[in-house]
Amino acid sequence: MSSVVVRDYIIPANDFTIAGDASSNVRKILSQIGVAPDIVKRTSIAMYEAEINAVIHGNGGQAHVEIDENKIVIIISDQGPGIADLELAMQEGYSTAPDSIREMGFGAGMGLSNIKKNSDILEIKTAVNEGTTVYITVFFK
Amino acid sequence: MEQYYFHSVTLDTSKCKGCTNCIKYCPTEAIRVRNGKAVIIKERCIDCGLCIRICPYHAKKAVTDPLESIKNYKFKIALPAPTLYGQFGPDYTRERIVSALKQYGFDYVFEVARAAEIVTNATEYYMANKEIKKPVISSACPAVVRFIQIRFPNLIDNLLRIESPMEVAAALSRQEVNEKYGIPLDEIGVFFISPCAAKVTSVKAPYENRKSNVDGVLSIKDIFLPLLGIMKKQGDITSEPFSLSSAIGVSWAVTGGESSAIKEGRRIAVHGIHSVNDILEQAVKGNLDNIDFLEVLACPEGCLGGPLVVENPFIAKVNINNEIAKIAKNQAHRVLPKHKDVKEFEWKSTVEYRPIMKLDDDMMKALEKMNMIDVITEGFLGLDCGACGAPSCRALAEDIVRGDAKETDCIFKLREKVNSIAHQLHQIESAGSMSDDNK
């Protein structure tokens, strides 16, 4: 048996009832394979934020997860509007979320900076009108 | 380690029919049906008592101490949980219940409600500390604490590090009796009168690895009839001196009681272990960072819905609320005993993460096992029918990988196998008859 665990999830557009299921599932897997609780927490926060971003801004998308004994790599991609100014988007408090989203308690502009804070490597590829792909890596040691 | 394996919740094998009701509802997937009988996986059980409530054959029970065990002590203290007051109906006031306990044979009654007020006070001082992690999660329900220990290690630091009202009541009453009456400590027996199986476990096998101050746990169910009998014959009790707790302590029996007793902050009260699971999932995701206090109780309707109660929780709630309304009339002001010294009631040690869901100590092997579970699960129909004795197809796959079950425990897999053997036999037989024809 291979010792790389792979998971693929569909992230539905604008459906907050399902948003977060993928990161919950990943959290359970990481606990089952014995990853330390604080690392599990960082990973699930980073993934949850990216998932929510795809729901809010990206019109949904997909998550691809690979776990080996050293690290987890999470790739979340959407075919949404893309990010025009990535540097600006990374700043805490900057948000383009519409009021309807903010009313639900999301869209505080902490998403990307929170992902960065909780991941070891964060890479973002984005193009206006084409979509955004977020690569998150968290090491286990 | 041994102490972890004591559980109040146990199985009466003679009553168990081997149905799948309990395995489906268990929040920690701690029950399997093997050889036609339910088996509780001890490491996983959190004593929430949900299976006791679910089982149509009453085959699940909670072990408590027998009523006679109070006779082992010269001086007997009763600690009635406030839930007790909701069991008897409008004619039976708190005063009557408390004096019935004395008539039953207890020398001293210390209301757990009184200790609950002290815990409320201690919680307020605790919450005033800006350093603590929010939301603070109530630690009063031992089933929830155990649930967090195995499922939500990231929330262990959010637990309110203050003893439960039961433990505070036990410590204070023992001390009071010792000082007031000069009774030697070893002659005092402290008995909690409990709606709750998990409290039994927390007395016999405390998660903080220290000895409990409670000597025995009696169930409300057991003492209900004796108390009712006494109260029916009870004479005039108006001359007895009563110093009972205020409404704040009594309200702890009702959901929202603990959280609304705290003066300020954003508070949520959640009850029922599956709802508790959902709110803790939210907490892990960071969605409750703007909440100050989270009251979480494993039983539906909180302690009033405990597995060891007699009265329907909704009726009990009316009874308790009537009692609370009476007290509120008598005591216009919020009276809380002053216990500035929170340290006295703080946990001396912490609870630990118990990674019992882990597949293997070696992460490489755990990853391989995870993949094996995926492959095996793929091969099942995904009906989660429970006929194999595991709660879901994935749980069976996990059991197989852990070496506790085999693929043909699945009746569909078994049928496939029987079909294929039958097919093979048929082929052998027709090959045989062909060679017969050739003779």
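**Close-up views of the chain A and chain B interface**

**View 1. Extent of the interface between chain B and chain A.** In this predicted model, 27 residues of chain B are in contact with 26 residues of chain A (contact: heavy atoms within 4.5 Å). About 2300 Å² is buried between the two chains, and carbon and sulfur atoms give 58% of that area (buried area: the accessible area, 1.4 Å probe, that two parts lose on being put together, summed over both). On the chain B side, the residues that lose the most area to chain A are Lys285(B), Met363(B) and Leu367(B), together 27% of what that side buries.

**View 2. Salt bridges and polar contacts between chain B and chain A.** Three salt bridges are counted between the chains (salt bridge: a side-chain nitrogen of Lys or Arg within 4 Å of a carboxyl oxygen of Asp or Glu). One salt bridge joins the side chains of Arg7(A) and Asp374(B), at 2.6 Å from N to O.

**View 3. Helices on the side of chain B that touches chain A.** At least two residues of this side come from each of α11 (273-284), α13 (363-379) and α14 (393-402) of chain B (helices: DSSP runs of H or I, at least four residues, numbered from the N terminus). The most come from α13(B), with ten residues. By class, this side has 13 nonpolar, three polar and eleven charged residues (nonpolar: Ala, Val, Leu, Ile, Met, Phe, Trp, Tyr, Cys and Pro; charged: Asp, Glu, Lys and Arg; polar: the others, Gly among them).

View 4. Leu367(B) counts as buried, at 0% relative accessibility (buried: under 20% relative accessible area, 1.4 Å probe, protein chains only). Apart from neighbours within four places in sequence, Leu367(B) is in contact with Ser2(A), Ser3(A), Val5(A), Ile33(A), Ile67(A), Asp68(A) and Glu69(A).

**View 5. Cysteines Cys299(B) and Cys410(B).** The whole structure has zero disulfides over all chains (disulfide: a pair of cysteine sulfur atoms within 2.5 Å). For Cys299(B), the nearest cysteine sulfur is that of Cys196(B), 6.3 Å away. Cys299(B) is buried, with a relative accessible area of 11%. The sulfur of Cys410(B) is 6.5 Å from that of Cys393(B), the closest cysteine sulfur, which is too far for a bond. Cys410(B) also counts as buried, at 11% relative accessibility.

**Conventions.** Residues are numbered from 1 along each chain as its sequence is written, and chains are lettered from A and ligands numbered from 1 in the order in which they are written. Local features need pLDDT of at least 70 and side-chain atom pairs count only at pLDDT 80 or more, while totals for chains, interfaces and linings use all residues; side-chain values use heavy atoms, with hydrogens and water left out.

Terms used
A polar contact is a pair of N or O atoms within 3.5 Å; within protein, one must be able to donate a hydrogen and the other to accept it, and residues adjacent in sequence count only if both atoms are side-chain atoms. Buried means under 20% relative accessible area, exposed over 50%, partly exposed in between (1.4 Å probe, protein chains only).
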